[in-house]
Amino acid sequence: MARLLARTCCSKTLSQVPRCPLGLVAARDWSHGPLTAYMPEAITFSRLKDHQDLYKVSVDQGDAFWGALGRSRLTWITPFHSVQDCDLHQGRVSWFLGGQLNVAVNCLDRHVHAAPDKVALIWEKDEPGEEVRVTYRELLELTCRLGNTLKRQGVKRGDRVTIYMPPCPLAVASMLACARIGAVHAVVFAGFSAESLADRIRDAQSEIVITVNQGLRGGKVIELKKTVDQAVKQCPRVKRVLVSMRTTSKVPMTALDVPLEEEMMKEDACCEPAVMDSEDMLFLLYTSGSTGKPKGLVHSQAGYLLFAALTHKYVFDYQDRDIFGCVADIGWITGYTYVVYGPLCNGGTTVLFESTPVHPNPGRYWETVERLRINQFYGAPTAIRLLLRYGDEWVKKYDRSSLKVLGSVGEPINKEAWEWYFRVVGETRCPVVDTWWQTETGGICISPRPSNPGAEILPGMAMRPFFGISPTLLDDKGNVLLENNISGALCISQAWPGMARTIYNDHKRFLETYLTPYPGFFFTGDGAYRTTKGYYQLTGRLDDIINISGHRLGTAEVEDIVVRESSCGSGRVCRHRLPT
C-alpha cells in the first residue's frame with residue numbers, strides 16, 4: 001500500500017488529473033442574514049426567523065426543502081424531475097426521481113477540481129505517530145486504478161463486492177471504486193469470524209472479495225487473509241480475492257488470490273464514472289438485528305449521500321479546513337457515513353483510525369487529537385466509559401485546544417460519562433452532541449444540533465430531530481401519543497432521503513420489520529421518552545425491556561443507574577434501589 005501511495009503522490013500534474021465531464025454547481029453569494037449564512041438554500045423560503053422555522057419548513061414543505069438542497073449540494077449528470085414518491089403505508093420510498101449522478105464524482109472529482117492537494121484522508125495507523133495523509137488528487141487516482149482493476153477482474157454494474165479490510169486508504173478507495181463503476185459494495189467489519197463473513201458473502205452473492213494480508217490492531221497482528229480463506233471455502237460463487245499488503249509478511253496465496261497493488265499499478269489512472277440513477281443501489285450493510293439471519297440493508301445513491309453530507313455538516317458544525325475525527329470502524333454504518341461519505345462529499349478532511357482507545361496507553365485518543373489537531377471528535381459511550389476508569393490524567397496530559405465539538409454514537413450515553421466527556425475532555429467549552437440513528441436511517445436523526453447557538457443541551461439526551469425528521473411516539477395499541485412527559489415506541493412519520501430502501505432480496509422482511517408494526521410509520525425498534533419541553537431521550541431497544549415492579553425499564557436506563565451509582569471513586573460498590 002505504501003509503495004502504491006508513494007507512486008501516486010508524484011505521478012501526475014493537475015492538468016493530467018482525470019476530470020469528470022460534469023460541471024460543478026456554481027457557487028453563489030448568499031449575504032441575506034444569519035440563516036442563509038448557515039444554510040444558503042434558506043433564501044428559497046420566505047419569513048424564516050430562526051432554526052426552528054427552518055426545521056418546520058423541512059417537515060411541512062419537504063419537496064421544496066429537499067429539492068433545493070439536492071439541486072445545490074450534489075453534482076448531477078441529469079437533474080431530477082421529481083423530489084420524491086414516498087408512501088410508508090405501501091412501503092414505497094423513492095427520492096430525486098429521474099436524477100442521474102455518480103457518488104465517487106461527488107466525493108472526489110469535484111473537489112480535485114477545486115483543491116487537488118487538500119488532504120482527504122489522514123490514516124491514523126495502529127502505530128502512533130505514523131499517520132499517512134492522502135490528498136483528494138491521490139485518492140482519486142487510487143480509486144480510478146482500483147476501479148479499472150475491478151473491471152478487469154470482471155466486475156460489472158450491479159455486481160456485489162465484499163470488502164473485509166481494516167480502516168485504511170485502500171479500503172476507502174475500494175468503496176469509492178465500486179461506486180465509480182456502478183458496483184455495490186458491502187463492507188464487513190474486519191473482526192467478524194469466517195462463518196459470519198461467509199454468511200454475508202453468500203447473502204450478497206459476491207463473486208469478488210477485497211482484503212489485506214494481515215491487520216494490525218492494538219499492537220496485535222490479525223490474520224485477515226486466513227479468515228477470508230476459511231470463509232470462501234463456504235462460498236463457491238467467489239471467483240477472485242484481491243489481497244492488499246498491510247504488513248510486509250507474506251501469506252499463503254491460493255488460486256483465487258490476486259495481489260491488489262501489483263494489479264493496480266498496471267492500470268490507468270483515469271476511470272470513466274458510471275451514470276447511476278438516484279435509486280440504484282450504492283451499498284449493502286449487514287446488521288444482525290435481534291433475531292434471525294443478518295439483514296443486508298440497502299442504501300441508494302443520491303438520497304443517502306445528501307443526507308450523509310448534511311448531517312455531517314450541521315450536526316457537527318463542520319467548517320472548511322476542519323479535521324474530522326470519527327473513530328468508528330468502516331465496517332459499521334458510522335464509519336460509512338461519518339468517516340467516508342459525509343466528510344468526503346463535503347470536501348472535508350477525515351481521520352481513519354485503525355487502533356484502539358488504549359493502545360499503547362489510555363491516552364491514545366487524546367494524543368491523536370493533539371498531534372492531528374482534530375476539531376470534531378466522534379466516539380462511542382463504551383469507549384468513553386472505559387477511558388473514564390483510567391482517570392483524568394491521561395486526558396489532561398495532551399493539548400485538546402483544537403477540539404470544537406464532541407459527539408457520542410452507538411447507544412445512549414449515561415450521565416456520568418457525558419459529564420466527564422464534557423467537563424474533562426472538552427474542558428466545558430465543547431458542546432457534546434449525543435446522536436441517535438441506525439444503520440436503517442443512514443444518518444443522524446435526533447441530536448442536540450442543529451440548533452441556535454447557545455441553545456440548551458442536556459446531558460445524556462439526543463433531544464432534537466434533524467431537518468426533515470418527524471419523530472412520533474406510539475403506544476402498544478398504535479395510538480399516537482401527542483402529549484409530552486411520556487414514553488412510547490419511537491417511530492418516524494414521514495420518509496427522508498437517507499433511509500434504507502429494503503433488505504437485500506427480502507423486501508417482505510423489510511416491510512414486516514419496519515413498516516407493518518405501525519402502518520404509515522417507520523418503526524425504529526427503539527423506545528423513547530419525550531420530556532415536558534418536547535426533547536427526546538432514547539430508552540433502549542424495545543426488545544431489551546426489563547419489567548421491574550411493574551415499571552418497564554430499558555437497558556440504557558438500568559445501565560445509567562448502575563454506572564452512576566456503583567462507582568463512588570473509592571472502588572466500593574454503592575447500593576441503589578431501582579424504582580418501585
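User: Quick one to start: is Asn148 buried or exposed?
Analyst: Buried. Its relative accessible area is 11%, and the cut-off for buried is under 20%, so Asn148 qualifies. Bear in mind that this is a predicted model.

User: Which element holds Asn148?
Analyst: Helix H6, which covers residues 136-152.

User: And what does Asn148 touch, leaving out residues up to four places away in sequence?
Analyst: Glu267, Asp268, Cys270 and Cys271.

User: Let's zoom out. How many helices and strands are in the protein?
Analyst: There are 18 helices and 28 strands. The protein has 580 residues, and 59% of them are buried. If you take contacts with a separation of 6 or more, 71% are between residues 24 or more positions apart.

User: OK, sheets. What's the strand order in the open sheet of 7 strands?
Analyst: S5-S4-S17-S16-S18-S19-S20, and the pairing is mixed.

User: Which strands stand at the edges there?
Analyst: Strand S5 (132-135) and strand S20 (432-434). Each has a single partner strand, so one side of each has no neighbour in the sheet. On average, neighbouring strands of this sheet are turned by 20 degrees against each other, direction ignored.

User: How do S16 and S18 run, parallel or antiparallel?
Analyst: Parallel. Strand S16 (residues 323-326) is joined to strand S18 (residues 376-379) by 3 bridges. Cys326 stands opposite Tyr378 in S18.

User: What about helix H7, which strands of that sheet does it touch?
Analyst: Helix H7 (residues 169-181) packs on the sheet and touches strand S4 (119-124), S5 and strand S17 (349-353). The direction of H7 makes about 135 degrees with that of S4. H12 packs on the sheet as well, touching S4, S16, S17 and S18, and its direction makes about 155 degrees with that of S17.

User: Stay on H12. At what angle does H11 cross it?
Analyst: Roughly 90 degrees, with the axes of helix H11 (residues 302-315) and H12 coming within 8 Å. That makes H11 roughly perpendicular to H12.

User: Which residues make that contact?
Analyst: From H11 you have Tyr304, Leu305, Ala308, Ala309, Thr311 and His312. H12 brings in Tyr336, Thr337, Tyr338, Tyr341, Gly342, Pro343 and Cys345.

User: And how does H5 pack with H12?
Analyst: Helix H5 (residues 103-114) and helix H12 (residues 333-345) have axes 8 Å apart, at an angle of about 55 degrees. So H5 is oblique to H12. The crossing of H5 past H12 is left-handed. Val103, Asn106, Cys107, Arg110 and His111 of H5 meet Tyr341, Leu344 and Cys345 of H12.

User: What's in contact with His185, leaving aside neighbours within four places in sequence?
Analyst: Val161, Ile163, Met175, Cys178, Leu282, Phe283, Leu284, Tyr336 and Tyr341. The C-alpha atoms of His185 and Leu284 are separated by 6.3 Å, although the two are 99 residues apart along the chain.

User: Which backbone oxygen does the side chain of His185 reach?
Analyst: The one of Leu282, at 3.3 Å.

User: How about Thr211, buried or exposed?
Analyst: Buried, with 0% relative accessibility. Thr211 is in strand S8 (residues 208-212). Leaving out residues up to four places away in sequence, it touches Tyr164, Met165, Leu224, Lys225, Val228, Val241, Leu242, Val243 and Ser244.

User: Last topic. What's the order of the open sheet with 5 strands?
Analyst: S22-S21-S23-S25-S26, with antiparallel pairing. Strand S22 (480-481) and strand S26 (536-541) are the edge strands, each pairing on one side only. Inside the order, strand S21 (residues 471-474) and strand S23 (residues 486-492) are joined by 4 bridges, and Pro471 stands opposite Ile492 in S23.

User: Which residues of helix H17 are buried?
Analyst: Arg509, Phe510, Tyr514 and Leu515, in a helix spanning residues 507-515. The buried residues of H17 pack against strand S15 (295-300), strand S24 (502-503) and strand S25 (522-530).

Technical notes
Residues numbered from 1 in each chain as written. Predicted model: local features only at pLDDT ≥ 70, side-chain atom pairs only at ≥ 80, totals over all residues. Heavy atoms only, no water. Contact = heavy atoms within 4.5 Å. Polar contact = N/O pair within 3.5 Å; in protein donor to acceptor, adjacent residues only side chain to side chain. Pairing = 2+ DSSP bridges. Helix = DSSP H or I, 4+ residues; strand = E, 2+ residues; numbered from the N terminus. Axes fitted to C-alpha atoms, helices over the stretch in contact; angles between N-to-C directions. Parallel < 35°, antiparallel > 145°, perpendicular 65-115°, else oblique. Left-handed = near helix turned anticlockwise from the far one by under 90°. Buried < 20%, exposed > 50% of the residue type's maximum accessible area, 1.4 Å probe, protein only.
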